[in-house]
Amino acid sequence: MRRFQTLPADLRISALIAFVVALGFGVIAPALPLLAAEFGVGSAVVGAAISAFAVVRLATAVVNSRFVQRFGERRVIAWGLWLQGVTMIVASFAPDFTLLITLRAIGGMGSSAFTIAAMSLVLRTAPPDARGSGISTFQLGFMLGAIAGPAAGGVLADVNPRLPFLLYGATLLVAAAISQLKLSHGVPTPPASPHAAGSPSAAAGALPRGTYVRAFAAALIASFTVGWLFYGLRNSTILVFATEELGGSGTFIGVAMLGTAVTQVISVRAFGRWGDVRGRRPAMITAGVLGGVAVALLCLPAGEAVFLASMALLGVAGGGLSATPAALLADISGSSPARNVAWFNMSSDVGAIIGPVAAGAVADALSFQAAFLITTLILAVVVVSSAVMRETLAAPSSARPPVTPSVKGTAMPGPAPVPIPETLPFWEGAANGELRVQRCASCERHYFYPRPFCPVCGSADVEWTTVSGAARLLSYVINYRPLPPFDPATPVVVALVELAEGPRLMTNIVGVPPEPEHLELDMPLQVCFVERGEHTLPVFAPAGEVAR
């Protein structure tokens, strides 16, 4: 509870909303088969209702990510919940199953909007040194709601199969009201480069393209696997296997599924904290290995004890694969993660859609063990992709000695700056060895060049703040024959860099030979300072060249 209270208010509120949403979602699960029987439709039509919801979620993910970037997380969260809530209440009065499927599909658009906006908010607000813990808290809200929902739904469905839909709609409207009343009104920054590190405290400041691509690929593969295994295979092929191969009763299967849920709830916070301390790579590798072992156990000779052990171990793996890849995504997504979140969720939805179909087809054509073997190989891909990526977790700022600019006090020929009142805080910060830019208190966006209002939202509530000085190289030109007052014999590298906090600025690159082979685009940089006339000027050097 103490750790929960230290998390940002928006993150705590998002976890509460996630619990309410998952509770309502679980409530309707037992009602669908009963409504199908009431309308006289078969299992295929019930499957169509589930698939329609998932397909619409998948189809609208990218559009909803753009809504988040344009209107902000709070508005999109509320819009998605209102849309879902209204469609579910109307669905509870649907005169036929076709209309119910249609309304359920429309609700999928709202579900996608909520999920992407809420996850973007969580990734953006989670403290850089506690992203795993923060994100695992959000995931825990979903898990607890998903456990409690079906039990309540079963009781309501026995009374009237339409009641769960009505309750689900009501809980969504309550969640929408909470989001509008309690979440902050800030909007995210415009889409930043996907290679930017997630925070000012990032050790490397900005991620090289290769590091970003491998990490993003590992996150997408892990998300696809979660959809395939936990939203697809576990709720279809594994249940059929337990019934047909093991002869398990409903009680036995319920106990096994409860074991998975309990171990997942217990392990998700542990994996989140572990990832914050030891890194994302070891946590993801361990989760992938545990998942592979859990599924591989199902390939052994059938036995109830082995099945129960497999399901418990699968829950532990699920906790790791729920928390760590999302924390990894936060590390690499910068201050506007909505687009990456959309692709992350789409990967999970694709796995959830094709997983049951593909695994079921393999089980029918070959055997259950063949389907489980394919899933084990997919988990092996998670392990390999996690192993080949570079660690994205930044060392905590308390563990790093302060930056001592390597060239502070060194004179650099060139034109001397002329401070004016609007830029004076910038030059005062440089004289003290600090890089200062302005930040909008309304939308929380950093910006440069100095001006008295925010260029994004127009607010005049702006302030000067010291930033990390971490950056990446966007572009450059080498002036081999600079004119005075530069030294004509010394080439000058004029560069455009992007700070970890988002702003871009023109500067010079020092501490590296002025040759293209030493100036790799996206290379991590760190601010340092040189003397120019009577003033101190911030310039940038390769991150490893700045004295620490």
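Trainee: In the hairpin of S7 and S8, which residue takes a positive phi?

Mentor: Residues are numbered from 1 along each chain as its sequence is written. This is a predicted model, where local features need pLDDT of at least 70, side-chain atom pairs count only at pLDDT 80 or more, and totals for chains, interfaces and linings use all residues, while side-chain values use heavy atoms, leaving out hydrogens and water. Strands (E, at least two residues) and helices (H or I, at least four) are DSSP runs, numbered from the N terminus. The residue is Gly533, with a phi near 65 degrees, and two residues lie between the strands of this hairpin.

Trainee: How many bridges join S7 to S8?

Mentor: Two strands pair if DSSP finds at least two bridges between them. Here eight bridges join S7 to S8 (residues 535-542), and the two run antiparallel. Within this pairing, Cys528 stands opposite Val539 of S8.

Trainee: In what sense do S4 and S7 pair?

Mentor: S4 (residues 470-479) pairs with S7 in the antiparallel sense, over three bridges. Ala470 has Gln526 of S7 as its bridge partner.

Trainee: Why is S7 described as largely enclosed by the rest of the structure?

Mentor: Buried means under 20% relative accessible area, with a 1.4 Å probe and protein chains only. Seven of the nine residues of S7 (residues 524-532) are buried, so the strand is largely enclosed by the rest of the structure. Over the protein chain, buried residues make up 52% of the 548 residues.

Conventions:
Buried means under 20% relative accessible area, exposed over 50%, partly exposed in between (1.4 Å probe, protein chains only).
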